[in-house]
Amino acid sequence: MLKPQNFKRFKLIVFVINWSYMNKEVIYLEAEDDITDILTKLQQAEQKLVALVPPKKSSILRSSVNMKLVARVAKECDKIVVIVTQDPAVVKMAMSTRIPVAKTLQSRPVIPTEANVRAAEAAADIVDEIDETDLKGKKSRNKSESIPAGGQEVELGGELKADGAKATSKAPLDGADSASNKNANTINLSDEDLEKAAGKSKKGEKSGLKSRLMGNKSTKNPSAPNNFFEKYRKWIMIGAPIGFVTILLLVWAFVFAPSATITVAVSSTPENFSESVTFTTNPEEENIEEGKFYAEQQTLEQKYSGEFESNTKENKGDKASGAVTVSTTFTPKNGSEITAPFSIVVNEGDVFTTDGGLRFVATTSNTLTWDGDNLPSGCSSLTKACRLAATITVEAEKGGEDYNVSASETWHTFQGMYTVSNSMAFSGGTTKMEKVVSQEEVDKFADAQLADHTTDGREMVFADVPKDMVAIESSFKAEVTDKSSTPAVGEPVGESTKPKADIKVTYSVYMVERSKVEEYIKHKLSLGDDRKVYAYDEIYFERFSSIDEPARLKAVVSIGPIVTEDLIFEKTKGRKTGEVQSELRLITGVSSAEVRTPFFWVNKIPNDRSKVTIILEGEE
């Protein structure tokens with residue numbers, strides 16, 4: 001923990017680093033600016049650090065009211081204001097409002113104190129004295145001069161002659177005067193200059209620098225803190241970030257990083273398990289205690305394509321056409337009984353076949369009906385035989401001259417009960433043999449692809465089974481679910497080209513949740529309070545024929561005495577890693593223990609349970 005005084009010093013270091021290296025916005029005030037202009041410029045500043053540089057002998061910031069307004073607006077705008085001046089009146093006002101003051105844009109800002117005010121007044125007196133000697137024009141300002149004081153030489157950012165002659169400034173002031181014109185008539189008095197001047201005044205210099213620089217009461221050096229930070233500023237800027245990062249690393253290494261993994265082997269005995277179980281595809285019907293598992297199907301679809309040979313020839317000539325008559329003979333009244341009503345119904349698309357096996361398709365439809373009351377057309381009496389007939393136009397199923405049948409062709413009966421005949425020969429059929437794609441050839445290609453890729457498909461679908469699931473291996477299935485060809489089945493193929501087939505094969509396997517299987521095995525084992533299962537190995541199902549049939553669940557389980565993770569942690573927390581193994585061996589059932597830590601400096605088991613991983617393994 002940082003002490004209050006150390007925390008203030010740390011904040012001061014950070015502020016110095018920010019003033020030296022962060023982007024700060026410099027606002028040069030004009031002589032005609034009033035307080036409203038200053039406050040507006042302060043509000044419009046884009047940077048957090050703002051340096052106000054008033055012109056020489058400006059009276060706008062010598063007012064305590066104006067200085068308080070500047071401090072209040074800076075606080076409201078979340079700005080840090082630094083006034084760059086050596087005017088003692090402005091420094092005094094800044095001291096009352098605790099606004100930082102800097103001699104130049106490069107020097108370290110400080111909160112003014114009484115010592116700073118006296119130093120500024122002394123510097124102002126020196127400047128006034130130099131200005132008077134400049135007006136006299138006794139010597140050139142461009143030459144280096146000094147004030148003799150008992151053989152000593154006092155250097156004040158410039159040089160003064162003992163007789164009050166003209167002085168030359170080696171370092172003009174920063175701010176409005178140094179940035180905008182060359183006629184700067186103030187002297188930048190560094191902390192080191194003030195210290196030298198104060199020391200030499202004690203020896204009796206006639207120039208009276210002691211009273212001007214150090215005041216009448218204090219003989220201490222007010223700029224000692226400034227000298228410290230100026231002298232070590234480079235090391236502070238380098239060391240502060242390094243120290244901060246080092247602290248973060250140490251906190252991480254000794255607070256957050258320490259952790260441990262304890263692997264404990266417990267003596268166990270393997271036992272074989274075997275039970276008959278059933279399956280369901282409805283999750284709501286699952287019953288673990290009764291050995292009824294919900295089986296989920298894992299599927300994988302793969303597409304295969306390739307060319308195949310087509311050797312099928314088909315007649316692609318014109319199709320023959322003609323007409324057939326469908327008829328039947330009946331007696332409307334047989335004795336005293338009326339024949340039951342019946343109909344001859346021929347639909348478009350019905351097939352008529354000759355005794356030679358030629359097939360013709362009806363291109364029209366027709367219906368003839370005996371209603372059991374009115375005489376059909378062509379019947380003269382209810383007691384005499386009547387003929388009911390319908391004429392249908394037909395077309396050959398395929399092209400070819402063979403379908404040009406002659407008149408009075410012999411036909412199979414229609415619907416097994418009506419006579420078919422043709423009074424006229426059929427015509428129009430021509431022969432044109434072409435190579436076509438047959439369904440048998442497409443099926444043959446699909447079967448070949450299925451045989452070639454079943455092994456790969458099996459590996460892929462089993463690889464997709466999640467680790468928390470147990471696959472029923474004998475439920476694996478591979479089947480062609482879609483197939484097509486280009487050209488399509490029955491379409492002609494060029495003599496110099498090969499048809500192409502595309503098939504889709506679906507691979508599938510049923511699987512059961514592993515945790516449910518382990519729960520069922522544990523339930524069936526009925527272990528006592530002093531034993532537990534440490535491992536479930538070689539879980540598989542055999543004798544599976546279908547999802548609706550029972551199968552056999554088999555497994556090898558490792559059973560041993562109960563050793564809990566909480567017991568392991570209580571025995572090892574806070575102990576050195578070298579002591580853990582011997583301590584754990586005292587627990588009944590523990591055969592060995594291993595401790596691993598992520599970093600070499602971690603040599604103790606943490607007291608935080610969340611940082612300790614405990615793995616219990618059964619050892620045969």
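The model is predicted: local features need pLDDT of at least 70, side-chain atom pairs count only at pLDDT 80 or more, and totals for chains, interfaces and linings use all residues. Residues are numbered from 1 along each chain as its sequence is written, and side-chain values use heavy atoms, with hydrogens and water left out. The structure holds 18 salt bridges, a salt bridge being a side-chain nitrogen of Lys or Arg within 4 Å of a carboxyl oxygen of Asp or Glu.

**Salt bridges**

- Arg531 and Glu271 form a salt bridge in which the closest N and O atoms are 3.7 Å apart. Arg531 belongs to strand 27 (residues 531-542) and Glu271 to strand 10 (residues 269-280), so the pair ties together parts that are 260 residues apart in sequence. Helices (H or I, at least four residues) and strands (E, at least two) are DSSP runs, numbered from the N terminus.
- Arg531 is partly exposed, with a relative accessible area of 35%, and Glu271 is partly exposed at 31%. Buried means under 20% relative accessible area, exposed over 50%, and partly exposed in between (1.4 Å probe, protein chains only).
- Lys316 and Glu314 meet through their side chains in a salt bridge of 3.0 Å, N to O. Lys316 has a relative accessible area of 32% and is partly exposed; Glu314, at 23%, is partly exposed.
- Glu434 pairs with Lys432 in a salt bridge, with 3.5 Å between the closest N and O atoms. Glu434 is partly exposed at 22% relative accessible area, and Lys432 is partly exposed at 48%.
- A network of salt bridges links Glu286, Glu513 and Lys516.

**Negative surface patch**

- A patch of negative charge on the surface is made up of Glu30, Glu32, Asp34 and Asp37.
- Patches are made of residues with over 30% relative accessible area and no salt bridge; like charges are joined within 9 Å, and nonpolar side chains (Val, Leu, Ile, Met, Phe, Trp, Tyr) within 5 Å. Lys and Arg count as positive and Asp and Glu as negative, while His and the chain ends are not counted.
- Glu30 sits in the loop between strand 1 (24-28) and helix 2 (35-44). Its relative accessible area is 40%, which makes Glu30 partly exposed.

**Leu69 in helix 3**

- Leu69 is part of helix 3 (residues 64-76) and is partly exposed, at 23% relative accessibility.
- Leaving aside residues up to four places away in sequence, Leu69 touches Ile35 and Leu39; contact means heavy atoms within 4.5 Å.
- Leu69 and Thr97 are 28 residues apart along the chain, and 9.7 Å separates their C-alpha atoms.

**Backbone details**

- Most residues other than glycine have a negative phi, and most peptide bonds are trans.
- Asp78, a residue other than glycine, has a positive phi near 60 degrees. Asp78 is in the loop between helix 3 and strand 3 (80-84) and is exposed, with a relative accessible area of 54%.
- Ser408 is not a glycine either, and its phi is positive at about 60 degrees. Ser408 lies in the loop between strand 21 (386-399) and strand 22 (419-421) and is exposed at 62% relative accessible area.
- The peptide bond from Thr486 to Pro487 is cis, with omega near -5 degrees. Pro487 is in the loop between strand 25 (477-486) and strand 26 (500-513).

Technical notes. Areas by Shrake-Rupley, 256 points an atom, 1.4 Å probe, with all protein chains shown as cover. Charge placed at Lys NZ, Arg CZ, Asp CG, Glu CD.
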